[in-house]
Amino acid sequence: MVTTLFRNGPVFDGHRYLDAVGGVLVVDGRIDRILAVGEERPAADQVIDQGGGLLTPGFVDAHVHAVQGGLERIRCDLSHLEDRQAYLDAIRAYADAHPDLPWILGGGWAMAAFPGGAPTAAELDTAVADRPVFLPNRDHHGAWVNTAAMRLAGITADTLDPADGRLERDADGVPNGTLHEGAMDLVSQLVPATGAAELEAALAEGQRYLHSVGVTGWQDAIIGDYAGVDDAGETYRAAARSGALTADVVGALWWDRDRGLEQIPELVDKRATLSHGRFRATSIKVMQDGVPENGTASMAEPYLDRCGHATHNRGHSFVDPAVLREAAPALAAEGFQIHIHAIGDAAVAEALDALAGAEAACPGADLRHHIAHLQFVRPADRERFGALGVAANVQSLWACHDEEMTDLVIPQVGAERAGWQYPWAALVDSGARLVAGSDWPVSTPDPWQALHVAVNRTDPTYGGEPLNPEQAIDLATALSAYTAGSAWVNHRDDAGRIAPGYVADLALHDRDPFAAATTEIAATRVVATWVGGTLVFSADPTDPTHEGATHG
């Protein structure tokens, strides 16, 4: 029997903040009990002094792309940079350092760094002209390519926009280097397959980084081929079989939007083949629409032009709503959880309609369906989440005024729809269950940055005017979504809590954010992370689990 005692600090138990406890006792990887103040401390093999820092359940990221994020970190990683020149300098330096690579791959650039959110092949050619470049942006709904890549793909002025995407063009109609949504496939299908060794390294790096920010489990939101990244299902299975996977992971199998219900038997077989130990391929990911920044989020009313006039564009519903309404009950009947990306108000309504059918077809099946992102939710649709038992999978970091919100989103949607954005408080009031995620590498996987925005509705770095401040939620509600809520959506009913019998997936932090001003939440840092009572990350540089940079 191995015992560990955490003492000298407050606890958040997954639902409540406890500022007066005598300690938390862990026995053989599970929570034994929370000691009362003054209770005699039992003997323990190890005593962890919290130093006044908060002990929480390990975070569970309900919507993340861990292998994709890890892959970007070991390739040409632009996610830590912010402006055009910094991107070009980094791309040039990476290409110079890797002269033998046939393609330059990576990504993570921000649309706000370029006029209209669209960089050009001509400027990318100044960094790399001798070989093709394919770099998805941070939201992975678009990619920046150079002239060599477009030439290889045969992209010319005569190339038509695909039904589910768009090529940015110059004044003469010539594609100029930014590919939106399905247009990415014109180039990504030519990208060399990622080898098993590189995918294994990417998962290891993604897992290491997620553990370093207190994440002990997650739902990988795309297990399939997408945007130039190969299917990581076999990578997860191999890691689960070898023991290299230390996190608890649910894989969301990719729903091919170009096919219909005939793919369901294949998904059933894939679930059986891939699921092993800590990895369970039990969810289905449907990407119902795009994003508003490039005008592809599906909206009930048209986007606006720069003068505030209605255009002819309402975005894209990538899956025909009729097909989605038919597919959802069929997937539920096979025991799949359904995980839908929906950002525009039309996409959210379509997702709710489909999940209502899934619930009617399989009442009481406890599949825990969820809709992710939820940027624009009509007031009439907010009440449906609680009534249908559909979880709201929130990425709170985006619920603030930043450059993309100010320059690319609000001008295209107008004041009324801007006021519908990220309605967390209204969803809670309607009885919706909140679960939380980061969508990394779209944005940082650090939960404390997202928690800061959920509470303050302001950018963690720059502050500014809150975005729809009436939709702010308190820290306990937001933290519960990122722990107990997300563990629930992953069907881990013995995780996400600090309570007797629960698995000791834990994160220790350097301070008590409940005792400080809410404007300081984002300053919170993880000191150490445990999975099942085993240390998987320590900020102590002398500890072997200490985070080390492994950028390529």
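Predicted model: local features only at pLDDT ≥ 70, side-chain atom pairs only at ≥ 80, totals over all residues.
1. **Overall build.** The protein chain has 15 helices and 24 strands. Its radius of gyration is 23 Å, close to the 24 Å that the globule rule gives for 552 residues, so the chain is as compact as a globular protein of that length. The C-alpha trace spans about 80 × 55 × 50 Å along its principal axes.

2. Of the 552 residues, 59% are buried. Among contacts with a separation of 6 or more, 73% join residues 24 or more positions apart. The chain exposes about 20,200 Å². Carbon and sulfur atoms supply 51% of that area.

3. **Phe 12 and Phe 514.** The structure holds 12 aromatic pairs. One of them is Phe 12 with Phe 514, a stacked pair at 5.9 Å centre to centre, with 15 degrees between the planes. The two residues are 502 positions apart, so the pair links distant parts of the chain. Phe 12 belongs to strand β2 (residues 11–12). Phe 514 sits in the loop between β22 (506–509) and β23 (526–531). Their exposure can be compared against the cut-off: buried means under 20% relative accessible area. Phe 12 is at 0%, so it counts as buried. Phe 514 is at 23%, so it counts as partly exposed.

4. **Tyr 236 and Phe 279.** Here the ring centres lie 4.7 Å apart and the planes are at 0 degrees, so this pair is stacked. Tyr 236 lies in helix α7 (residues 233–242) and Phe 279 in strand β17 (residues 279–287), so the pair ties together a helix and a strand, at positions 43 residues apart in sequence. Tyr 236 is buried at 0% relative accessibility. Phe 279 is buried too, with a relative accessible area of 0%.

5. **Charges over rings.** Arg 73 places its charged end over the ring of Tyr 209, 3.9 Å from the ring centre. Arg 497 does likewise with Tyr 502, at 5.4 Å from the centre.

6. **Thr 4.** This residue is in strand β1 (residues 3–7). Its relative accessible area is 9%, so Thr 4 counts as buried. Leaving aside residues up to four places away in sequence, Thr 4 touches Val 24, Leu 25 and Val 26, along with Ala 44, Gln 46 and Ile 48.

Definitions and conventions:
Residues numbered from 1 in each chain as written. Heavy atoms only, no water. Helix = DSSP H or I, 4+ residues; strand = E, 2+ residues; numbered from the N terminus. Buried < 20%, exposed > 50% of the residue type's maximum accessible area, 1.4 Å probe, protein only. Contact = heavy atoms within 4.5 Å. Phe/Tyr/Trp six-rings, centres within 6.5 Å; stacked < 30°, edge-to-face > 60°. Lys NZ or Arg CZ within 6 Å of the ring centre and 35° of its normal. Rg over C-alpha atoms; globule rule 2.2 N^0.38 Å. Areas by Shrake-Rupley, 256 points an atom, 1.4 Å probe, with all protein chains shown as cover.
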